[in-house]
Amino acid sequence: MVQPHILLVTFPAQGHINPCLQLAKRLLSTGVRVTVATSHFAIRRMKNGYEDGYKSRDDVHHYMDELKRVGSLSLSDFIASNTKQGNGFTCIVYSILIPWVANVGRAHDIPTTLFWNQTATMFAIYYFYFKGYGDIIRNNIEDQSFSVSLPGLPDLTTRDLPSFFIPSNQYAFALPSFKEQFDILDEETNPTLLVNTYDALESEVFKAIDEYNMVGIGPLIPSAFLGGYNKEYMEWLNAKPKSSVIYVSFGSISVLSKPQMEELARGLLDTGRPFLWVIRAKEGGEEEEELEKQGKIVPWCSQVEVLSHASVGCFVTHCGWNSTFESLCSGVPTVAFPQWTDQTTNAKLIEDVWKTGVRVNHNEEGIVEGSEIKRCLEIVLGGEEMRRNARKWKELAREAAKEGGSSNKNLKDFVDQIAKGC
Ligand code: UDP
């Protein structure tokens, strides 16, 4: 039998690239060949050693259009030249926000599979939005008391729904892309969808959707490629008592306002606890010197390594799905501080479904005050129940990923299905 060759195409943001690289590794371990493709810009950025975030969101619509236009052409050329050299692809797997990849695959007669790199819950929310619940959500989303019941999901209020549903939100740019994605899926019969979750974590959601063959293949946790930077912070962690350190990170894109940074600093200092804080635009200066009397500030770190360190007792997170999943799989409870996109829904799941953390409240000016941050930290650091729950999900994640576990089996079934087409 010919060895299957999978082309894995990822949207060029770090939170997409990380799980795609891990997926590539898992696929390689099943014996297939894998090629990963993303934008030149993303590769240059990774070579710089860390993610520096988007500089501006003003032209994000334009960016999405250009990515589609230029990406379609160069991807098509790439596929054609590989085919010509006898190095063609059996299947294309692509991450979210680049649905046009499916059209490129079809033009070359190559089957495509969506890799949904958010929760199954997020997939279900968009699914129901485009299939019957769109009007009710659109008409009520700006009403703070609005709540919607979707099959298989907990009741969701405005603050739990993805920010892309709020029309006035400047970040609503992704909705057309999700619409295009569902239109593409609708042209197929019962398509398989690989989801970065595991079955037991979202079992009710899997049951609620039968139009697609959704399979959990997570956790896909980043590892070695992020290493190699200055690891002085690991020595700093080594010297701290067990479960004493607060780890703080807002991922690779989100930027907090200056007043919000000040409140966060105040909350952290008021706990009297050591903290490791990722500030991507770390500048030095007096304020940082003051903070470093109690904590440590780094521009980037190897997050999975940090989360698995015994001295880390709590994670203040923006609730990006990778960070959320990494904390669940490391058994670290969280203070959920969501910013946008799926993060609001992930915060809901953390607090009310998986029960591994507490979500912060904003004041009327939209700021989370230092006293609120301290309050949440004390609940999370003081409570045994959240830690116990986090440990439970960590164990279940290991079960899912090990030989014969649900995610391991789901991925192998997928590869077998592809190999039949060879
Ligand atoms: N990350 C990291 N070091 C840092 C900050 C983030 O390795 O200092 C990684 C983190 O482990 C995660 C990814 O960057 O895998 C961020 O993805 P996520 O989905 O959490 O958030 P996004 O950056 O997409 O908002």
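What share of the 422 residues of the protein count as buried? The figure is 42%, where a residue is buried if 20 or more other C-beta atoms, placed from the backbone, lie within 10 Å of its own. This is a predicted model: local features need pLDDT of at least 70, side-chain atom pairs count only at pLDDT 80 or more, and totals for chains, interfaces and linings use all residues. Residues are numbered from 1 along each chain as its sequence is written.

**Overall build**

- The protein has 16 helices and 14 strands; helices (H or I, at least four residues) and strands (E, at least two) are DSSP runs, numbered from the N terminus.
- The radius of gyration, taken over C-alpha atoms, is 21 Å, close to the 22 Å that the globule rule gives for 422 residues, so the protein is as compact as a globular protein of that length. The globule rule is 2.2 Å times the number of residues to the power 0.38.
- Along the principal axes, the C-alpha atoms fill a box of roughly 60 × 50 × 45 Å.
- Of the contacts with a separation of 6 or more, 65% join residues 24 or more positions apart; a contact means that two C-beta atoms, placed from the backbone, lie within 7 Å.

**Ligand shell**

- The ligand is surrounded by 22 residues, and the closest are Gly-15, Gly-251, Gln-303, Gly-320 and Ser-323. A residue is near a molecule if its C-beta atom, placed from the backbone, lies within 6 Å of it.
- Two or more shell residues come from each of helix H1 (14-29), helix H11 (303-307) and helix H12 (321-330).
- H12 gives the largest share, 4 residues.
- The shell divides into 9 nonpolar, 12 polar and 1 charged. Ala, Val, Leu, Ile, Met, Phe, Trp, Tyr, Cys and Pro count as nonpolar, Asp, Glu, Lys and Arg as charged, and the others, Gly among them, as polar.

**Helix H12**

- H12 is mostly covered, with 10 of its 10 residues buried; among them are Trp-321, Ser-323, Phe-325 and Glu-326.
- Gly-331 follows H12 and has a positive phi, near 70°.

**Six-stranded sheet**

- An open sheet of 6 strands runs in the order E2-E1-E3-E4-E7-E8, with parallel pairing; two strands pair if DSSP finds at least two bridges between them.
- Its edge strands, E2 (33-37) and E8 (213-216), each pair on one side only.
- On average, neighbouring strands of this sheet are turned by 25° against each other, direction ignored. The axes are lines fitted to C-alpha atoms, and angles run from 0 to 180 degrees between N-to-C directions.
- Strands E1 (residues 5-9) and E3 (residues 91-95) pair in the parallel sense over 4 bridges. Cys-91 in E3 is the bridge partner of Ile-6.

Definitions and conventions. A residue is buried if 20 or more other C-beta atoms lie within 10 Å of its own, exposed if 12 or fewer, and partly exposed in between; C-beta atoms are placed from the backbone.
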